[in-house]
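This report concerns a protein chain shown below as sequence and structure.

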Amino acid sequence: MIYLPQPQPSSHCENFYYITMLRDPVSRYLSEWKHVQRGATWKTSLHMCDGRSPTPDELPTCYPGDDWSGVSLREFMDCTYNLANNRQVRMLADLSLVGCYNLTFMNESERNAILLQSAKSNLKNMAFFGLTEFQRKTQFLFERTFNLKFISPFTQFNITRASNVEINEGARRRIEELNFLDVQLYEFAKDLFQQRYHRTKQLQRQRDRQRRRGERRLQQDRRGHRWSQQEASPEGAVTEDYNSQVVRW
């Protein structure tokens, strides 16, 4: 998640716009697996919630050593404490609503429903969010939302580490099951994203039409002004001026 400063000229305090990028849950999960397989860890993350970090019992680790280098996809999926599962919902939701990482705080189905609803609500209230699968539309929305212009267009890279991973249908279904909250959030996000995109496009077309009408009006006013000036000028004055120029020549 990212935040952008919102300038407040009349105040010494700063407000912030929270923005984020979402990704197709299966592609995101595979990408994280490849990242962890290469030795990446989040050991320095404190996972703070309600003023404290989770206990080792609340958040056990998936591997005993310094990292999880070389982990297979099956091993990655089999760890029930893997924070890659439903990561997007967890990162967007208010965990304090469900007792943070304490899984005994409430039953699982109630916890999942609250997390998903919280993530949807927070996403909807964000000034902007983008989808990695729609780079050009994401750029369009960002530029119109914040009145900023990127120096070059976003590039859609369809070939990624995740796309190079070949998995069978069974593995794909298993990933979708592990990330069932993220799958629902992403469907919600795609619909909301398209609504914002089409609404912004419509507003831009309306502004463009108003601008063109204003430009036509201005041109008509200028032509009318020139015609009135010509009608007010006596023909004799033009002839006299022309004759005087001829004499000089």
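R28 pairs with E32 in a salt bridge whose closest N and O atoms are 2.7 Å apart. The model is a predicted one. Both R28 and E32 belong to helix 1 (residues 25-37), where they are four residues apart, about one turn of the helix. An α-helix has 3.6 residues a turn, so residues three or four places apart point the same way. R28 and E32 are both buried.

## Overall architecture

The protein chain contains eight helices and three strands. Along the sequence, these elements follow the pattern β-β-α-α-α-α-β-α-α-α-α. The protein chain has 249 residues, of which 31% count as buried.

## Further salt bridges

Side chains of opposite charge can pair when their charged atoms come close. The count of salt bridges comes to seven. One of them joins the side chains of E58 and R52, at 2.9 Å from N to O. How do the two partners stand in terms of burial? E58 has a relative accessible area of 18% and is therefore buried, the cut-off being under 20%. R52, at 38% relative accessibility, counts as partly exposed.

Another salt bridge links E143 and R144, with 3.4 Å between the closest N and O atoms. E143 is buried, with a relative accessible area of 6%, whereas R144 is partly exposed at 33%. Elsewhere, salt bridges that share partners join R28, E32 and R87 into one network.

## Helix 5 and the residue after it

Helix 5 (residues 135-146) is made up of twelve residues. From its first C-alpha to its last it reaches 17 Å, close to the 16 Å expected at 1.5 Å a residue.

Which residues of helix 5 are buried? They are Q135, T138, Q139, F140, L141, F142, E143 and F146. Just after helix 5, N147 takes a positive phi of about 55°.

## A positive surface patch

R205, R209, R212, R213, R216 and R217 form a positive surface patch. Among them, R212 lies in helix 7 (residues 180-232). The relative accessibility of R212 is 38%, so this residue counts as partly exposed. Membership of a patch requires over 30% relative accessible area and no salt bridge, and the value for R212 is 38%.

How values were computed. Residues numbered from 1 in each chain as written. Predicted model: local features only at pLDDT ≥ 70, side-chain atom pairs only at ≥ 80, totals over all residues. Heavy atoms only, no water. Patch = residues over 30% accessible without salt bridge, like charges linked within 9 Å, V, L, I, M, F, W, Y side chains within 5 Å. Areas by Shrake-Rupley, 256 points an atom, 1.4 Å probe, with all protein chains shown as cover. Salt bridge = Lys/Arg side-chain N within 4 Å of Asp/Glu carboxyl O. Lys, Arg positive; Asp, Glu negative; His and termini not counted. Charge placed at Lys NZ, Arg CZ, Asp CG, Glu CD. Helix = DSSP H or I, 4+ residues; strand = E, 2+ residues; numbered from the N terminus. Buried < 20%, exposed > 50% of the residue type's maximum accessible area, 1.4 Å probe, protein only. Expected span 1.5 Å × (residues − 1).
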